[in-house]
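Hello,

Here is the structure I promised to pass on to you. Have a look at it first, and then read on for what turned up.

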Amino acid sequence: MPERSTTLPDGLRADVQMLWDYHDMHHELRPADVGIGLGSHDLGVATFTAELFQAGMFPLIVFTGANAPTTVERFPRGEAVHYREHALELGVPDDAILVEPEARNTGDNITLTRALLESRGIEVGSVVLISRPYQQRRAYATCKKLWPEVDVICASRPLPLDEYIESIGDVDRVINMLVGDTQRITVYAERGFAIHQEVPDEVSRAYSRLTQTGFTRRLI
């Protein structure tokens, strides 16, 4: 298998950075009732969720996620299960973690987590959604559509773009995911899955240039 590049080409940097910055909600972290770690291929989500728990940002964690074609090899027992195991290794106590192992998309992450908490009689007024950096905006829009009464804060590991690419180990994968999530901001709102959010013209132009360059693997 050819070695994957972790170097962002200079000719793509401005457009990729534009999308990266757009998906960051720039929310200020504050204490909440529950931290929800959204399953994905990125184990850093579990790492940062554990760090926020240990910093006293919330007393309870829910890890949510089954598998997707992009994660089944890395997390064969399911994203949420592996996230939980990682958080335990980092010192989070077992009784502070709930696992929701069935979600297969962001809508499921929200609705199934909400149902799990309700089934335990846990009242929730505020949540921190911890996700990949480029999933923040979509996670926010989905949560506001499906759980509108909850106060939602979005958070991700505070890594610059180049460091994040290095942590994932595959620049093409990161760009394709960024492009795909940008498309979903509009498409999912049109389909009723999420609230509407403005997409600035400069973001739309960056998205178009990257799709024309060939970063289309994650498009719907």
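Is Y164 buried or exposed? Y164 is buried, because its relative accessible area is 1%, in a model that is predicted.

The structure holds 5 aromatic pairs. One of them joins W20 and Y164: the centres are 5.3 Å apart and the planes make an angle of 45°, a tilted pair. W20 sits in helix α1 (residues 10–23) and Y164 in helix α6 (residues 161–168), so this pair ties together parts that are 144 residues apart in sequence. W20 is buried as well, with a relative accessible area of 10%.

Y164 also pairs with Y134. Here the ring centres are 6.1 Å apart and the planes stand at 80°, so the pair is edge-to-face. Y134 belongs to the loop between β4 (126–130) and α5 (136–146), while Y164 is in helix α6, so parts 30 residues apart in sequence are tied together.

One more ring to look for is Y22: R137 lies over its face, 4.2 Å from the ring centre.

Finally, please find G192 in the loop between α7 (171–190) and α8 (201–213). G192 is partly exposed, as its relative accessible area is 33%. Its C-alpha atom is separated by 31 Å from that of R84, which is 108 residues away along the chain.

Enjoy exploring!

Best wishes

Notes:
Residues numbered from 1 in each chain as written. Predicted model: local features only at pLDDT ≥ 70, side-chain atom pairs only at ≥ 80, totals over all residues. Heavy atoms only, no water. Helix = DSSP H or I, 4+ residues; strand = E, 2+ residues; numbered from the N terminus. Buried < 20%, exposed > 50% of the residue type's maximum accessible area, 1.4 Å probe, protein only. Phe/Tyr/Trp six-rings, centres within 6.5 Å; stacked < 30°, edge-to-face > 60°. Lys NZ or Arg CZ within 6 Å of the ring centre and 35° of its normal.
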